[in-house]
Amino acid sequence: MADQKYTLPPLPYAYDALEPIISSQIMTLHHQKHHQTYITNLNAALASQSSAQTSNNIAAQIGLQQKIKFNGGGHINHSLFWENLAPYNSAETDIGKNAPVLKGALEAQFGSVEGFVKAFNATLLGIQGSGWGWLVADGPGGKGKLDIVTTKDQDPVTGAVPLFGVDMWEHAYYLQYLNNKAGYVEGIWKVINWKTAEERYKNGVEGNVAGLKL
């Protein structure tokens, strides 16, 4: 563990690629500052844990678990988030062309894609404080029953495959949308990467994300 150092993964698009839905300013701060801080703090906590293990300091090891969970979760969640977004008006944002299997599953379970979006939006807007909303699929491969779930703060999804997530921390939208959280929630659908969601639904999240095992 002492030698393990996580690094900031590059965005798969330019900082301004999600405009006008998410501004370049937000994406730059979110990626370079917020995500980087989770990685910096995770590396520090893991180094401290390694030292505590070497000295057999059980109390210190226990005390570090929340820092590892919070910052490790922040790293996992953001690494997934960048990948499940796509440039505005790009081909990947078309669910019909890029996610026929997942589209069919959503229609079967929620009645229509529109019905799913309505339910997902209600879940996002119902989050109190900071957290994430996720579309997940059961099963080891992920191609199972779909569900809409939330995670608190930076807790990662466990026990299911995250197909895509939406960051509902204020830093993800406030500089652009201010207190219009609903505007952010409505706009995010224009930059969801349905191609990635389809791949996760059909194949699961293979291996690991940004070096962190899921």
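This is a predicted model: local features need pLDDT of at least 70, side-chain atom pairs count only at pLDDT 80 or more; totals for chains, interfaces and linings use all residues.
**Stop 1: the annotated N-terminal stretch**

Select residues 5-86. An unreviewed UniProt entry lists these residues as "domain: Manganese/iron superoxide dismutase N-terminal". Colour the selection by secondary structure: the chain here is 70% helix and 0% strand.

**Stop 2: a cis peptide bond**

Stay in the segment before helix H1 and select Pro 20, which lies there. Show the backbone between Glu 19 and Pro 20: the peptide bond joining them is cis, and its omega is near 5 degrees. As background, most peptide bonds are trans.

**Stop 3: the helix pair H1 and H2**

Now select residues 24-54 for helix H1 and residues 58-83 for helix H2. Two packed helices are described by the angle between their axes and the distance between the axes. For H1 and H2, the axes come within 8 Å and cross at roughly 150 degrees. An angle over 145 degrees counts as roughly antiparallel, and H1 and H2 are therefore roughly antiparallel to each other. Their crossing is left-handed. Show the side chains where H1 meets H2: the contact has 13 nonpolar residues, 16 polar residues and one charged residue.

**Stop 4: the sheet**

Move on to the strands. Select E1 at residues 131-137, E2 at residues 146-152 and E3 at residues 161-167. Together they make an open sheet in the order E2-E1-E3, with antiparallel pairing. Which strands stand at the edges? They are E2 and E3, each with a single partner strand, so one side of each has no neighbour in the sheet. Looking across this sheet, neighbouring strands are turned by 25 degrees against each other on average, with direction ignored.

Strands of a sheet pair through backbone hydrogen bonds, either parallel or antiparallel. Seven bridges connect E1 and E2, while six bridges join E1 to E3.

**Stop 5**

Keep E1 selected and show its side chains. Is this strand buried or exposed? Seven of its seven residues are buried, so E1 is largely enclosed by the rest of the structure. In a regular strand the side chains alternate between the two faces of the sheet. In E1, Gly 131, Gly 133, Leu 135 and Ala 137 point one way. Trp 132, Trp 134 and Val 136 point the other way.

**Stop 6**

Most residues other than glycine have a negative phi. Two selections here have a positive value.

- Asp 153 is in the loop between E2 and E3. Its phi is near 50 degrees. With 27% relative accessibility, Asp 153 counts as partly exposed.
- Leu 178 is in the loop between helix H6 (174-177) and helix H7 (181-187). Phi of Leu 178 is near 50 degrees. At 48% relative accessibility, Leu 178 counts as partly exposed.

Definitions and conventions
Residues are numbered from 1 along each chain as its sequence is written. Side-chain values use heavy atoms; hydrogens and water are left out. Buried means under 20% relative accessible area, exposed over 50%, partly exposed in between (1.4 Å probe, protein chains only). Helices (H or I, at least four residues) and strands (E, at least two) are DSSP runs, numbered from the N terminus. Two strands pair if DSSP finds at least two bridges between them. UniProt positions are given in the numbering used here, feature names are shortened, and annotations may be inferred rather than shown by experiment. Axes are lines fitted to C-alpha atoms, for helices over the stretch in contact, and angles run from 0 to 180 degrees between N-to-C directions. Angles under 35 degrees count as roughly parallel, over 145 as roughly antiparallel, 65 to 115 as roughly perpendicular and the rest as oblique. A crossing is left-handed if the near helix is turned anticlockwise from the far one by less than a right angle, and right-handed if clockwise. Ala, Val, Leu, Ile, Met, Phe, Trp, Tyr, Cys and Pro count as nonpolar, Asp, Glu, Lys and Arg as charged, and the others, Gly among them, as polar.
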